[in-house]
Amino acid sequence: MTEGTVFATSQRTHRCGDLRAEHAGTAVTLGGWVHRARDLGGLVFMDLRDRAGLVQVSFNPDWASAQAIADAAAVGVESVVMVQGIVERRPAEMRNPDLATGEIEVRATSLRVVGPAVTPAIPVARGKNDKLPAEDLRLRHRYLDLRRPELQASLILRHRLLQVTRAYLSERGFLELETPILTKPTPEGARDYLVPSRVHPGEFYALPQSPQIYKQLFMCSGFDRYFQIARCFRDEDLRQDRQPEFTQIDIEASFIGRDDIMALSEGMIAAIWREAGHEVPTPFERMSYADAMERYGCDRPDLRYGLALHDFTSAFAPLDFVVTKSAIEAGGRVRGIRVPGGAAWSRKQVDELEAVAKSAGAGGLLRVKKADGKLDGPVAKFLTPEAEAALALQDGDLALLVAAGDRVSSPALDRVRQECARRLGLVDEHARRFLWVTDFPMFDQDPATGALAAVHHPFTAANPDDMAAYPDAPAKWRALAYDCVLNGLELGGGSIRTSDPRVQSRMFTLLGIGDEADQERRFGFLLEGLRAGAPPHGGIAFGFDRISMLLSSGSSLRDVIAFPKTTAARALFENAPTSVPADDLRELHLRSTVEGA
């Protein structure tokens with residue numbers, strides 16, 4: 001079956017955008033939306049659009065009835081019409097090289113309006129220099145916005161990427177299995193969306209933050225290779241370009257190690273990128289979490305440019321400079337970056353960089369520049385020859401330093417590094433630097449209370465070597481976890497799981513998740529599955545919306561989600577969330593405490 005016949009139905013023979021010069025002389029019946037129409041006084045040209053593209057339709061007294069010409073002149077844009085006619089080549093001087101169908105036109109013999117449209121609230125047809133309407137307005141009228149060729153192309157690409165993913169994993173023995181949407185509340189790092197039960201008063205389901213526990217139970221059940229294109233829900237505080245519901249490629253496998261998961265994932269990513277027209281070399285680079293934080297101040301570093309961080313603590317320790325001296329005495333370090341050519345930046349430009357550092361938590365940004373062979377800056381006069389040698393500034397360089405603990409200096413210098421790279425034009429927008437970040441800490445320890453929190457989630461396995469070497473110091477354990485990063489963006493993350501129920505129970509205890517009875521109440525269904533015999537297993541999940549955005553060159557996740565939420569977590573088209581009548585709440589055994597609700 002050819003592509004042309006796939007779309008043939010009892011009502012149409014071809015799609016508008018599929019017609020080409022080889023169809024010349026063919027009688028066609030088309031259906032589509034009126035993109036624009038031009039009435040030249042008894043001669044009407046119409047651009048007819050469907051998801052395959054545009055085609056020009058001409059209504060001329062030589063082949064069309066007077067009624068068809070009158071109807072074509074009167075029909076409104078975005079109305080749905082059926083057209084019958086003959087495909088003909090355009091004269092050479094009238095061909096449109098910018099249009100896939102530009103060599104031909106359809107000479108219409110009849111026109112029928114099947115879906116008359118009111119004047120659209122936002123324009124669908126735009127000129128090359130026309131700006132898009134405001135995003136809130138486009139989201140309010142999403143059904144019109146989705147008619148835009150750019151959005152349709154993004155969603156069509158998303159479909160193709162999904163099919164490639166399914167094929168890749170299915171060919172490797174993975175089973176696409178579904179997990180519940182109504183599930184049990186569990187702590188996974190964000191708030192759950194809760195769903196009240198009408199038949200069980202006072203009890204609630206939760207929408208899944210991920211299928212994590214269920215996919216582990218699949219492993220306990222003998223389904224040794226699972227995947228799912230999973231819908232997930234997280235009730236997070238408002239953050240730029242995050243969606244409360246999102247899609248991830250969810251993978252789990254048994255009798256598998258970290259390297260196996262990485263190799264599988266690299267092949268899948270390469271197949272996905274290839275579908276979008278890009279070749280991805282494998283294997284990906286690897287870097288430990290410790291190295292990433294030390295060299296870049298970030299666990300998802302952008303490797304398209306240098307500007308690595310350096311530790312200057314030993315060189316600054318002897319200096320009688322109060323800022324660095326007090327920071328080092330408090331257990332901090334002096335770290336920073338060398339910026340080639342940064343000495344030419346004005347005081348105002350460097351002050352802007354300091355504001356970037358302060359916005360990330362730093363108290364300030366120390367600067368030393370070298371121009372005409374001399375060092376300059378507030379700290380320059382305190383520098384010893386050894387400190388000057390450690391800075392290793394070339395003429396024209398600028399050193400930007402933060403004196404503080406790593407929790408402060410790392411995020412501040414990460415932000416400064418990114419801004420410097422942008423100003424210097426070091427970011428190659430066409431480069432793709434994939435990276436695995438490995439050996440994450442198992443726990444994050446609160447410096448004030450000593451309380452432990454899972455860096456990934458409570459089901460991640462700790463490195464057995466660390467558990468043996470530091471049995472009573474879990475803050476020193478590394479996790480068998482790994483993140484896939486591209487150009488400073490996290491694409492996905494995963495881990496080897498804890499398959500021993502006794503070890504899993506200990507992890508819960510270390511995280512402050514209750515006594516044995518409380519653990520059974522909250523996680524008994526997982527512990528019970530592990531006790532029944534669990535193979536070693538692990539997995540990974542990739543953010544599919546982000547992957548689609550990157551490959552469609554979108555600027556926002558909302559460009560690749562058909563009906564997205566705003567940054568305020570609102571659905572403007574359907575007006576959700578919304579208040580619920582009191583009678584409906586009573587049926588769910590609820591009442592609102594919001595005044596007027």
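In this predicted model, the side chains of Asp259 and Arg258 meet in a salt bridge, with an N to O distance of 3.8 Å. Asp259 has a relative accessible area of 45% and is therefore partly exposed, and Arg258, at 28%, is partly exposed as well.

A search of the whole structure finds 48 salt bridges, among them one in which the side chains of Glu245 and Lys565 meet at 2.6 Å, N to O. Because Glu245 lies in strand E10 (residues 245–254) and Lys565 in the loop between H17 and H18, this pair ties together parts that are 320 residues apart in sequence. Glu245 is partly exposed, with a relative accessible area of 24%, whereas Lys565, at 13% relative accessibility, counts as buried.

Another salt bridge joins Arg423 to Glu352, whose closest N and O atoms are 3.0 Å apart; here Arg423 belongs to helix H13 (residues 406–424) and Glu352 to helix H11 (residues 347–359), so that distant parts of the chain, 71 residues apart, are linked. A network of salt bridges also links Arg126, Arg138, Arg142, Asp145, Arg148 and Glu150.

Turning to helix packing, helix H5 (residues 149–171) and helix H7 (residues 258–275) pack at an angle of about 145°, their axes being 9 Å apart, and their crossing is right-handed. The residues making the contact include Leu161 and Val164 of H5, and Leu264 and Met268 of H7.

On the surface, Tyr143, Phe563 and Phe573 form a nonpolar patch with about 290 Å² of accessible area together. Phe573 lies in the loop between helix H17 (544–551) and helix H18 (582–587), and at 34% relative accessibility Phe573 counts as partly exposed.

Technical notes. Residues numbered from 1 in each chain as written. Predicted model: local features only at pLDDT ≥ 70, side-chain atom pairs only at ≥ 80, totals over all residues. Heavy atoms only, no water. Patch = residues over 30% accessible without salt bridge, like charges linked within 9 Å, V, L, I, M, F, W, Y side chains within 5 Å. Areas by Shrake-Rupley, 256 points an atom, 1.4 Å probe, with all protein chains shown as cover. Salt bridge = Lys/Arg side-chain N within 4 Å of Asp/Glu carboxyl O. Helix = DSSP H or I, 4+ residues; strand = E, 2+ residues; numbered from the N terminus. Buried < 20%, exposed > 50% of the residue type's maximum accessible area, 1.4 Å probe, protein only. Axes fitted to C-alpha atoms, helices over the stretch in contact; angles between N-to-C directions. Left-handed = near helix turned anticlockwise from the far one by under 90°. Contact = heavy atoms within 4.5 Å.
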